[in-house]
Amino acid sequence: MSQDTEVDMKEVELNELEPEKQPMNAASGTTVAAASDAEKNGLVKIKVPDNEAEEAKFTGLSKEELLKVAGSPSWVRTRWVLLVLFWLGWLGMLAGAVVIIVQAPRCRQLPTQRWWQKGALYRIGDIQAFQAQEAGKLTGLTEHLDYVSTLKVKGIVLGPVHNNQKDDLAETNLQQIDPAFGSNKDFESLLQSAKKKSIRVILDLTPNYRGQNSWFLPTQVDTVDTQMQAALKFWLEAGVDGFQIRYVENLTNASTYLAKWQNITQNFGEDRLLIAGTDSSDLQQILKLLNSTEDLLLTSPYLSSAGFTKEHAKPLVTEYLNAAGNHWCSWSLSQAGLLTSFVPASLLRLYQLLLFTLPGTPIFSYGDEIGLEAAALPGQPTEAPVMLWNESSFLNTSRPGSGSVSADMTVKGQDGIPGSLLSLFRQLSGLRSKERALLHGDFHALSSGTGLFSYVRQWDQNNRFLVVLNFGNVRVPATLEADSLPSSASLPAKAELLLSTEPGRKEGVSLELQQLNLEPNEGLLFSFPSVA
């Protein structure tokens, strides 16, 4: 079938619509004429114009029209008003910024600090007693560095560990490790392990540490000096971070030699430290040694002298700080001993708080963090006590001491226990190493009542600290008087209690400073923000 035929068939179908689908007639019997013979019923033809009606288009103003409008007086005035407002606003903001900068409190320039000024030092004088091993050596000490790291101290003061024949200078070698402790290679390995844990190592080079006189005979001082100079250079090249020498009061012309040895140490690197120790508690002798050279740390029994009582704590500390001037101080109760050798157990926590919060470097001996006590046989000198790692520490040594050790006396028993002496030590050590007010802040002593010693540590706009210490054995109120303080160090009405050395205090709460009562031998540490 052709396409024309198909079209005709479709037209037929459209014409053959059912009657009910046909359009109604205009009248009965009347036929509606078709508009055209060509159109058939059912087909609709729509005539679409060739061009749609064009939409109205906005072509905008011409250039000439724009220039005419823009040049009209009203638009000129408007533009000038907007321009003036813009510059007035800009100048106003600039002036406001200048006023804010001028009136804002300026930050103090941070002082340059050496590594030993940023935290505590930890003395390990007897490495065998520290390891609780009769044959403890340097290799075993390396295994305890992880524990030392948890104390958050900046360095360890090690030894002496050099080869020393008692009172025999010719057989003493300051550049060789005593075979009883290991070898030079073992020491170098210890140095590398400590550095990986950011622990500095200070080597004790007290020459005749096994003899009667730590510096041999006075007639041998020049020979000792020659050996010391050579040893300093040798161990500096090996990588040590500093040196300690003790009993310098027995060294003829000590100030001269200290200056010479410090010069060798500092010339190698400004981050190298020299510590001198003395058994003298006389302030004038201490100052003479302290002023022999810059950047010298000095340990002494000044704070454990007979004059350091609850009534004299404030004047002794402030006198020492005033006399030292700008010289960086260190704080300890001796040049080598334990806290328990000088302080009763009831005051251990208070002294930890004191040493960690005074301006300077706190120096402790191993065991101070757990309250380790020195043990001595009747009629014999005190020996270095065995470190109580656990209840069985005494089983590995023949050193004197009680064979019965309770768990709360050991590192294992105190580790992770809130309120333990070890936890307090770690908390204070952490604060000391990160808070600017404790790192290098100003020190202001307060009047606070009989038996109390209190002071404020502050640095610029950082958090400030208030320390209140009760050295007495009775409960007393704290009458804090801030009249003597500069305006920049005024006390608030309330402060947050960070810690107490005695159990029972709720920490982290805000307390009224004028309503404080301290328990016997209690120390409190408060924190409060600066006020601009």
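## Sheet, helix pair and cores

Ile-202 stands opposite Gly-242 of strand S6. This is a predicted model, in which local features need pLDDT of at least 70 and side-chain atom pairs count only at pLDDT 80 or more, while totals for chains, interfaces and linings use all residues. Residues are numbered from 1 along each chain as its sequence is written, and side-chain values use heavy atoms, without hydrogens and water.

Strands S5 (residues 200-204) and S6 (residues 242-245) run parallel, joined by three bridges. Two strands pair if DSSP finds at least two bridges between them. Strands (E, at least two residues) and helices (H or I, at least four) are DSSP runs, numbered from the N terminus.

The open sheet has eight strands with parallel pairing, in the order S8-S7-S6-S5-S2-S1-S10-S9. S8 (296-299) and S9 (330-331) stand at its edges; each has a single partner strand, so one side of each lacks a neighbour in the sheet.

Helix H12 packs with helix H14. Contact means heavy atoms within 4.5 Å.

| Helix | Residues | Contact residues |
|---|---|---|
| H12 | 348-357 | Leu-348, Arg-349, Gln-352, Leu-353, Phe-356 |
| H14 | 421-434 | Leu-421, Leu-424, Phe-425, Leu-428, Ser-429, Arg-432 |

Their axes, lines fitted to C-alpha atoms over the stretch in contact, lie 10 Å apart at about 10°. H12 and H14 are therefore roughly parallel (angles under 35 degrees).

The largest nonpolar core has 108 residues. A core is a set of buried (under 20% relative accessible area, 1.4 Å probe, protein chains only) Ala, Val, Leu, Ile, Met, Phe, Trp, Tyr and Cys residues joined through side-chain atoms within 4.5 Å. Tyr-122, Phe-187, Trp-261 and Met-387 have the most contacts inside the largest one. A second, separate core of 19 residues includes Leu-446, Leu-466, Val-468 and Val-476.

How values were computed: Axes fitted to C-alpha atoms, helices over the stretch in contact; angles between N-to-C directions. Parallel < 35°, antiparallel > 145°, perpendicular 65-115°, else oblique. Buried < 20%, exposed > 50% of the residue type's maximum accessible area, 1.4 Å probe, protein only.
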